Amino acid sequence: MTMTMPVGTAAELGGAEAVRARTPLALAFERIRHDRMALACSIFIVLTTVAAIAAPLIAHLVGHGPDTQYLGTGLTPQGLPRPPTATFLFGTDDLGRDLLVRVVYGARISLLVGVTSSLSAMTIGVAVGVLAGYFRGITDAVLGRCIDVVLSLPFLLAAISLETVVGPSLLISILVIAFFSWAAVARIVRGQTLSIREKEFIEAARSIGTSDLRIIRVDVLPNLAAPVIVYTTLLIPASIAFEATLSYLGLGVVPPTPDWGNMLAEATGYYQVAWWFILFPGLALLAITLAFNLLGDSIRDALDPRGDSLLVALRRRR
Amino acid sequence: MITFLVRRLTLGLLVLWVITVAVFVLFFVAPHNVARLIAGKLATPQTVALVSQRLGLNKPVIDQYWMFLDRLGHGNLGYSFYSSEPVTSLLAGRIAVSASLALGAAVIWLAIGVSTGVLAATRPRSLPDRSLTALSLGFYSMPTFLLGIVVLYLLFFRLHLAGVDLFPGSGYVPLTADPLEWARHLALPWLSLALTAAAAYTRLTRAAMLDVLGEDFVRTAAAKGLTRTRVIYGHALRAAITPVTTQFGIDVGILLGGAVVTEQIFGLPGLGQIAVQSIVTQDLPVIIAIVTLASAFVVLANLVVDVVYAVLDPRVRLE
């Protein structure tokens with residue numbers, strides 16, 4: 001198709017380039033690309049991910065292992081953590097370990113738990129929400145009650161009980177966080193599906209004898225993409241904070257594995273003497289959650305330039 | 001309305017029943033031996049057997065669950081495995097602590113959140129709006145425990161170093177004993193809980209206000225010649241406050257069951273603290289009471305929210 005619009009000169013349009021039809025997703029992507037805040041956040045997230053993957057390399061370059069205790073050089077004669085120096089850029093912790101290396105290693109756990117639990121919660125939530133919203137009736141009644149029950153659980157207490165019973169581990173943390181996050185997704189998806197299934201194109205699809213499965217796959221799911229993408233992006237920082245909270249309470253990742261939550265828990269005992277011990281893990285945690293939240297906001301603005309309606313549906317976790 | 005209330009109460013009871021069953025199942029699936037834990041490391045098998053018999057732990061799980069329901073029907077939550085104190089008296093004093101913490105913080109975050117949200121929404125894309133939005137996103141991204149540590153460091157420790165002991169770093173004084181000390185001891189926990197929550201309310205209020213300000217009835221109110229203040233607070237805010245009310249009810253409901261993290265950081269003897277203790281020591285009667293109580297608060301809060309919603313917004317009909 002080579003159709004040029006009589007708007008502006010050829011130069012303004014960037015040469016003799018033809019005007020192309022663009023899908024809403026392509027338009028949204030274009031908007032995000034021109035959003036400096038979104039770009040900065042994406043770059044920060046990518047850099048953090050690279051650093052997390054390359055953590056052993058960084059540890060090798062610095063010359064300090066993540067769990068190695070430098071009792072001679074890493075502690076003051078009184079046995080206290082050392083402030084940042086040329087050898088220990090972020091200072092050391094209470095056991096004389098290099099904080100820089102441990103903060104970098106901590107990013108691995110945070111990102112791994114944040115991303116995998118959010119993706120699992122999203123998958124379960126979309127499946128349950130679509131089934132409940134599309135089939136309605138008894139399916140909706142049963143699934144709807146499940147959603148209600150999970151949303152009424154005192155999730156932090158329940159998470160603590162679960163972790164205590166099964167014993168804390170990385171996998172359990174991911175499962176627990178996913179278990180307490182899917183219901184909110186399901187509730188939103190169910191609402192969206194309820195309104196989508198009443199649209200004319202669904203009726204049209206049904207009238208030509210399309211199966212339910214195909215209607216869900218071809219007509220319903222693509223229309224759910226926007227809210228689901230936004231919600232998942234905003235779920236990641238919430239999961240990261242949730243994981244850090246569990247580890248802070250001593251229920252997530254088991255020491256000595258470096259994790260921002262358990263580092264902060266150790267640091268709480270030293271906040272009067274070692275500010276760096278709190279500052280660096282705390283800053284890392286805040287920066288990554290802030291970056292994901294800002295990115296989520298930008299994606300939402302790009303996909304839906306009008307509304308903040310999704311934000312209203314977001315439940316805060318504490 | 002009546003049918004709605006009956007339906008919601010039934011659902012609430014169902015939720016609570018599921019939760020008690022879940023706690024029981026979890027407890028007995030767990031590879032811990034509570035009798036062993038209570039009897040101590042050096043106990044003989046006979047002692048352990050005696051302890052488990054005394055606590056009724058040797059009976060089948062179904063029987064134990066039935067005993068629990070039976071006691072519950074008589075208004076008795078059972079006795080702690082460790083101190084043998086009745087669970088009701090164990091929790092009674094702590095509910096006041098958690099309620100003081102939750103309600104005080106709630107007042108603060110509602111005041112901050114709604115006022116900043118209105119300020120941001122009525123001047124969209126202005127400097128105050130942008131800075132408030134950025135600031136609230138910062139607090140919103142901060143896990144509660146992190147803000148708690150920061151507050152403790154800056155407002156307790158740094159002030160203490162500077163020779164100003166404005167706020168104590170931990171402890172609790174009952175309101176009935178000394179109202180001023182009560183507020184002084186709760187000030188920092190209130191602040192750290194309220195700041196993270198207020199951020200969410202700023203965003204929520206801003207979004208709701210922006211939606212409402214574009215509606216016809218707001219234009220009509222302005223066209224009638226009402227003052228800007230009347231339009232914003234009398235007409236727009238009243239309609240925009242409904243989603244805020246919903247969130248507020250749910251948040252307070254959750255917090256009444258104990259703010260685990262905040263209580264831990266500031267050493268407050270509330271429900272959250274005893275919950276963690278009893279979970280670690282596997283004190284089943286206490287665990288089940290707290291988890292059920294906390295869930296009941298959430299269920300009740302949801303119910304209240306739905307009713308208040310219908311009262312505030314005449315367009316809402318309860319099915």
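Predicted model: local features only at pLDDT ≥ 70, side-chain atom pairs only at ≥ 80, totals over all residues.
Visitor: What makes the pattern of chain B a row of one repeated symbol?

Guide: The C-alpha trace of chain B spans about 85 × 60 × 35 Å along its principal axes.

Visitor: Why are H6(A) and H13(B) called roughly antiparallel to each other?

Guide: The axes of helix H6 (residues 155–166) of chain A and helix H13 (residues 284–312) of chain B cross at roughly 150°. Angles over 145 degrees count as roughly antiparallel; H6(A) and H13(B) are therefore roughly antiparallel to each other.

Visitor: What else describes the pair, besides the angle?

Guide: Two packed helices are also described by the distance between their axes. Here the axes of H6(A) and H13(B) come within 10 Å, and H6(A) passes H13(B) in a left-handed crossing.

Visitor: Which residues make the contact?

Guide: H6(A) contributes Leu157(A), Ala158(A) and Ser161(A), while H13(B) contributes Ile287(B), Ile290(B), Val291(B) and Ala294(B).

Visitor: How do you know how the residues of this contact divide into nonpolar, polar and charged?

Guide: Ala, Val, Leu and Ile are among the residues that count as nonpolar. The residues of the contact divide into six nonpolar, one polar and no charged.

Visitor: What share of the residues of chain B count as buried?

Guide: A residue is buried if 20 or more other C-beta atoms lie within 10 Å of its own. Of the 319 residues of chain B, 40% count as buried.

Terms used:
Residues numbered from 1 in each chain as written. Chains lettered and ligands numbered in written order. Axes fitted to C-alpha atoms, helices over the stretch in contact; angles between N-to-C directions. Helix = DSSP H or I, 4+ residues; strand = E, 2+ residues; numbered from the N terminus. Parallel < 35°, antiparallel > 145°, perpendicular 65-115°, else oblique. Left-handed = near helix turned anticlockwise from the far one by under 90°. Contact = placed C-beta atoms within 7 Å. Buried ≥ 20, exposed ≤ 12 C-beta atoms within 10 Å, placed from the backbone.
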